[in-house]
Amino acid sequence: MRRPVSRMRPLKKIACTSLLVAVVIVVLCELTGNKWQYRMAVDIHYRMESIPYGQHDYQWRKSVLNGSMYKWKESVVRQLTKKDCKCEKEESPLSRLLNWSSVTELETAFNAAERLEVKQRREKEYQHFLQRMKTSADALLIARANSPLEYPIQGVEVRPLKSILIPGLSLQAKYWRRYEVNVTAALGTFDVAAEVDEVMVEGAGQMHLSLSSAQVDNLNRQLQFITYTNTIFNPNTADTVLLKTAGHQAAFTIKIRHPVIPKLYNVKSQSGYNVSALVTVATKTFLRYDKLRELISSIRRFYPTVTIVIADDSSNPQKIEGPFIEQYFMPYRKGWFAGRNLAISQVTTKYLLWVDDDFIFTSNTKVEKLVDILEKTTLDLVGGAVREKTGFVTTFRHQISVERGGEEGDCLHTRMGHYHVLQGFPSCVVTDGVVNFFLARTDKVQRVGFDPRLTRVAHSEFFIDGLGVLHVGSCDDVTVDHASKIKLPWSKADENEKTYKEFRYPKSSEANIQLKHGLFYSKNRFKCMVKN
């Protein structure tokens with residue numbers, strides 16, 4: 001006799017199948033993490049609206065000034081940053097006598113017919129630059145008087161798409177019937193890590209969170225558990241959090257960024273500094289192999305095992321033989337700054353020592369002294385001094401500053417000099433630019449780089465590009481000699497030297513000057529330049 005088929009079997013199959021599908025979905029979710037959460041499209045296109053020029057212009061409130069008598073203190077007002085800069089000569093008897101001061105309007109590097117188009121292209125690039133660089137952390141925030149809200153002023157940071165507890169939130173209010181605090185963000189959401197009794201929480205997991213309670217102590221306890229989660233990815237930006245309570249409002253920023261990954265160097269400890277392990281000598285050569293060999297010979301007298309990196313764009317390159325020498329060949333006449341880029345790109349030590357190919361090391365070329373400064377201070381680059389055969393010594397210390405301008409661009413100012421003495425090193429000062437003999441942190445010089453469009457004569461352009469990035473010092477007690485440029489009448493003519501001078505000192509330098517001025521205008525957004 002056949003046993004009737006149970007109706008439970010199909011139901012069991014359906015249940016098992018559903019359970020299996022659910023397990024597969026859960027496993028897939030775990031394997032893919034929270035990717036589905038971030039599949040929404042995020043608009044990171046450039047905006048059409050323009051970002052205002054310059055920094056914050058704090059406007060005096062009319063309510064404060066109206067009815068109040070005041071008199072401008074001209075000696076102080078002159079020191080304040082103006083909305084639009086002007087390039088003016090420094091009027092002093094010495095500058096007029098020696099003609100040291102000069103002003104250059106940089107737009108003249110372009111033909112009159114193309115200036116408008118160049119300016120429009122520059123403006124578009126500048127707006128894109130501002131949108132990439134500026135974040136909510138750059139916004140001016142004013143703390144209003146007598147606010148009962150407590151909040152962090154600075155120091156709040158979260159990794160992209162991660163969560164943090166917001167520290168320091170509190171409401172200092174008494175005798176309200178009901179206490180309420182609202183927080184709002186633009187690039188993330190809020191939640192609470194714990195729920196406090198007698199506190200109403202609305203908007204958890206949203207960009208706007210509202211907390212309310214009849215007990216201020218309970219509300220403050222709940223404020224300690226507020227979390228912020230970044231939901232819109234950007235590797236380096238900031239979110240502005242608005243904090244509100246009855247009749248009061250405040251704002252603070254949360255920085256959103258990845259940690260800066262360090263570049264560290266594993267150098268074995270020993271007494272004193274191992275220059276060969278810490279420093280690579282870098283130079284660029286063109287045709288002057290006699291000078292280059294003299295340089296190498298002088299280096300080997302004092303530092304026999306230090307690595308020397310040579311970038312060479314000569315027409316008929318000669319192989320420089322010897323231990324600890326790396327020579328890299330380039331296309332003919334590739335250029336001065338392109339060669340410097342190549343040379344520094346091959347440095348793997350903590351520091352690089354830049355020298356010209358016609359320098360000569362002496363007993364006063366104490367690289368250890370420069371290493372000691374960079375090891376003990378926050379400087380990124382420290383220059384020495386170059387001694388000519390005549391006995392004249394130069395450090396070429398110069399200050400660089402940029403004065404804010406408007407739509408026409410900013411004003412570049414350069415002047416000889418320094419700022420202050422470096423504490424603990426009486427022969428050293430802090431400045432912005434130095435002579436072409438310097439020790440520097442390799443990663444910082446690589447970060448700034450050398451503009452390869454500058455093929456012949458260029459120097460200060462590197463320090464101008466590095467303004468705000470490089471912390472520069474200069475010491476006059478570490479010197480290197482400069483090979484003599486004086487040729488005796490009976491000395492044999494050198495064809496390579498003759499060719500070198502034709503390129504280094506062309507009959508007309510107008511094209512090179514126009515190139516520099518054009519880059520200052522279009523790349524660096526300067527409208528004019530003053531040299532004092």
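**View 1. Strands S7 and S10 pair in the antiparallel sense over five bridges.** Strands pair if DSSP finds at least two bridges between them. Strands (E, at least two residues) and helices (H or I, at least four residues) are DSSP runs, numbered from the N terminus. The model is predicted: local features need pLDDT of at least 70, side-chain atom pairs count only at pLDDT 80 or more, and totals for chains, interfaces and linings use all residues. Residues are numbered from 1 along each chain as its sequence is written, and side-chain values use heavy atoms, with hydrogens and water left out. Four of the five residues of S7 are buried, so this strand is mostly covered (buried: under 20% relative accessible area; exposed: over 50%; partly exposed: in between; 1.4 Å probe, protein chains only). Phe 190 stands opposite Tyr 228 in S10.

**View 2. An aromatic pair from the whole-structure count of 16.** A pair of aromatic rings is described by the distance of the centres and the angle of the planes. Rings of Phe, Tyr and Trp (its six-membered ring) pair if their centres lie within 6.5 Å; planes under 30 degrees apart count as stacked, over 60 as edge-to-face and the rest as tilted. By this rule the count comes to 16 aromatic pairs. Phe 190 and Tyr 228 form one that is edge-to-face, at 5.9 Å centre to centre and 65° between the planes. This pair links distant parts of the chain. Phe 190 lies in strand S7 (residues 188-192) and Tyr 228 in strand S10 (residues 226-230), 38 residues apart. Phe 190 counts as buried, at 1% relative accessibility. Tyr 228 is buried too, with a relative accessible area of 0%.

**View 3. Phe 337 and Phe 450 form an edge-to-face pair.** The ring centres are 5.1 Å apart, with 75° between the planes. Again the pair links distant parts of the chain, 113 residues apart. Phe 337 belongs to helix H9 (residues 336-345). Phe 450 sits in the loop between helix H11 (442-448) and helix H12 (460-465). Phe 337 is buried at a relative accessible area of 1%, and Phe 450 is buried at 3%. Both residues belong to one aromatic cluster, along with Trp 336, Trp 354, Phe 438, Phe 462 and Phe 463.

**View 4. Strand S24 (residues 438-441) is covered on both faces.** In a regular strand the side chains alternate between the two faces of the sheet. Phe 438 and Ala 440 are on one side of S24, Leu 439 and Arg 441 on the other, and all are buried. Strand S16 (residues 351-354) runs antiparallel to S24, joined by four bridges. Trp 354 of the aromatic cluster stands opposite Phe 438. Strand S18 (residues 381-387) is also antiparallel to S24, with three bridges. Here Gly 383 stands opposite Phe 438.

**View 5. Two arginines sit over aromatic rings.** A charge sits over a ring if NZ of Lys or CZ of Arg is within 6 Å of the ring centre and within 35 degrees of the ring normal. Arg 340 lies over the face of Trp 354, at 4.5 Å from the ring centre. The charged end of Arg 122 sits over the ring of Tyr 521, 4.1 Å from its centre.

**View 6. A search of the whole structure finds one cavity of 30 Å³ or more.** Rolling a probe the size of a water molecule over the atoms shows where empty space is left. A cavity is a set of points, on a 1 Å grid over the protein atoms alone, where a 1.4 Å probe fits but cannot get out; lining residues have an atom within 4 Å of a point. Grid points are joined across faces, edges and corners, and a volume is the space filled by probe spheres set on the points. About 60 Å³ of space lies in the largest cavity. Its lining includes Phe 337, Asp 451, Glu 461, Lys 516 and Phe 520. H12 and helix H14 (510-522) each supply at least two lining residues. H14 gives the largest share, three residues. By class, the lining has four nonpolar, one polar and five charged residues (nonpolar: Ala, Val, Leu, Ile, Met, Phe, Trp, Tyr, Cys and Pro; charged: Asp, Glu, Lys and Arg; polar: the others, Gly among them).

**View 7. Leu 287 has a positive phi although it is not a glycine.** The angle is about 75°. Leu 287 lies in the loop between strand S13 (279-285) and helix H8 (289-302). Leu 287 is buried, with a relative accessible area of 5%.

Terms used:
On a 1 Å grid over the protein atoms alone, a cavity is a set of points where a 1.4 Å probe fits but cannot get out, and a pocket is an open set with protein on both sides within 12 Å along at least five of seven lines; lining residues have an atom within 4 Å of a point.
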